[in-house]
Structure formats: C-alpha cells, structure tokens
Amino acid sequence: MKTKTLVFTNNKGGSGKSTTCANVAYSLNEQGCRVLAIDTDMQMNLTLSFFEEERVMEFNEGENNLYKGVLRSGNLEDCIFETGYRGLDIIPSSILMSGIEEVLYKRGGSREILKGLLKSTVDSGKYDFILIDAPPTLGLWVRNILNAADGVVIPVEASPWGLFGLANMIDYVNEASKDNKKLKICGIVVTKVDVRKNYFHQTEELLSDMEDIRVFKSFIRVDSSIEWAQDNSMPVGAYKKNSRSAKEYRELAMELRAAI
Ligand SMILES: Nc1ncnc2c1ncn2[C@@H]1O[C@H](COP(=O)(O)OP(=O)(O)OP(=O)(O)O)[C@@H](O)[C@H]1O
Ligand SMILES: [Mg+2]
C-alpha cells in the first residue's frame, strides 16, 4: 500500500485533534499498520501522548525535533524516533514551533516546505500511514501541512460552540485543495460526547445537514480513562486495553481505513 498522509485539523482549540491523532495512530498500529505520527504544534501534546515530560523536554531542547528539521532543510529522517510501540514512530515537536510562521515567511511564504521535507519518507514506503497533528490555527504552517497531506480528518467537539467556525475551516481546506489536488476530507469525527446531554444530538443534526462530508459513525465519548492515559504518557489502548474509549478508537481506525 502507498503511504497515506492524514492530517487531524480544526482551528477550534480543544476539539480533540491531538487525542484523536495519538489514539488512532496507536489503533492503526495495533491493526498491523506501520505508522509515523508527526507533532506540528508548539504545545507538544502529541509528543506528550507517548513520552514523559522529561523526555519531551529533551526533544524540545534537542536538535532533532520538527522545528530544527525545518530549519535544517533536506529531509526529516533524523527527527524520527521510536515510541516504544513497534511500528509506531514519531517526529516530536518543539515549543520553538511558535516561530514557524516567521521562518516560513522568511523563506518567501512557501506552502510546500513540509511536503518537500517529507518526500523521501513518503517515497520510501516505510509507513502505511503518516498522521499529522495540526495546531489550532489556519496560517501558512497549516497550509504547508494540508499541502503535504492526502486526507483531512476533522475532530469536532460535541459542545455548544463545537461547530462554530467549522464552515470557515472547510472553506480553508477546499482552498488548499486547489494547490493539492489529491487532498480530500475523509470525514468529521465527533469527540468528547456525553450522550446524556443534548449537544450530541444537536451536533449530529447540524452535521447531517452538511452535504458531501462524511461524519464517521464511530464517535468518541467523554472518558476519564483518556485523561488518565495521557497523564501516564500512553495511548488509552495501551493504558487500558478494554476501556470503552480504546474500543471506540479501534472502531474509528477501522472506519478510517475503509474510508480512504
Ligand atoms: N474523549 C475524551 N474524554 C475526556 N477528555 C478528553 C477526550 N478527548 C479529549 N479530551 C481532553 O480534552 C482536552 C483537549 O483535547 P486535545 O488536546 O486532544 O484537543 P486539541 O484539539 O488537540 O487541542 P488544541 O486545539 O489545543 O491542539 C485535553 O485535555 C484532553 O485530555
Ligand atoms: Mg492539540
């Protein structure tokens, strides 16, 4: 299978991008896929999903994080680390990623830098999936991320403000698909669902009005196991294999594989 690069993006903060990216990466790996997860956000939450804080700070201060990889140019092979789960690797981020927009503007505002940096990794066929956790913005960096991707997964929080700005976000992806013809929206995944609250049904109803965009049947419920797992720097499937959310992420990963 050719490497598929998927980005988890939504400019709405806290919608579940990093949590979904980390746990789908783990589930795909559990299902036998070779996965590279890439943390593109200065918050380093994807990196924190797999490593304890001390190690994360080493990545942050070291030479082999994504930010330093972008500065060096060439490729990102030096920035790939094993997570400890066989066949699941990561490119860690750095807090310095806060300056990435400036770096890109100084390079003439290129939208293709990340794509170029990933080319040899994609072409090597070493991974079935490259999963990119995007920051909650819509700037030039996110445009670079979209230009490096084949598909977009949009995590949406089942909350009163969860859908605010979604149309704008989708317009942005459509705009990016003018540069990157292969880019498509794989679907929307509803996260942090509390089935006892009305928001979920409201969210489902509003999303069902959106033509041409798949809403994944699998959704992710609010589950404290997820937070406990994150506190232990682990995906929930590794922390609590039989938890409800571990099962939900497995189902989402299967649905995602069928959708691309
Ligand atoms: N299903 C869930 N159940 C309980 N808590 C969750 C769930 N999903 C995510 N969270 C929590 O919600 C918060 C936001 O999630 P996450 O960091 O994945 O969102 P994000 O979209 O990546 O945020 P940002 O926009 O800041 O990058 C985190 O504290 C996470 O622990
Ligand atoms: Mg995040």
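Visitor: Hi! Which helices each supply at least two residues of the shell around ligand 1?
Guide: Those are α1 (17-30) and α10 (224-231); helices (H or I, at least four residues) and strands (E, at least two) are DSSP runs, numbered from the N terminus. This is a predicted model, where local features need pLDDT of at least 70, side-chain atom pairs count only at pLDDT 80 or more, and totals for chains, interfaces and linings use all residues. Residues are numbered from 1 along each chain as its sequence is written, while chains are lettered from A and ligands numbered from 1 in the order in which they are written.

Visitor: And which residues come nearest to ligand 1?
Guide: Of the 20 around it, Gly13, Lys17, Ser18, Thr19 and Pro136 do (near means a C-beta atom, placed from the backbone, within 6 Å).

Visitor: New topic: why is strand β1 largely enclosed?
Guide: Four of the five residues of β1 (residues 4-8) are buried, so the rest of the structure largely encloses this strand. Buried means 20 or more other C-beta atoms within 10 Å of the residue's own, with C-beta atoms placed from the backbone.

Visitor: How many bridges join β1 to β5?
Guide: Five, and the strands run parallel; pairing needs at least two DSSP bridges between strands. Leu6 stands opposite Leu131 of β5. β1 also pairs with β6 (residues 151-157) in the parallel sense, over three bridges, and there Phe8 has Val153 as its bridge partner.

Visitor: What is Leu131 in contact with, beyond its neighbours within four places in sequence?
Guide: Its contacts include Leu6, Phe8, Cys21 and Ala37, counting C-beta atoms, placed from the backbone, within 7 Å.

How values were computed. A residue is buried if 20 or more other C-beta atoms lie within 10 Å of its own, exposed if 12 or fewer, and partly exposed in between; C-beta atoms are placed from the backbone. Two residues are in contact if their C-beta atoms, placed from the backbone, lie within 7 Å.
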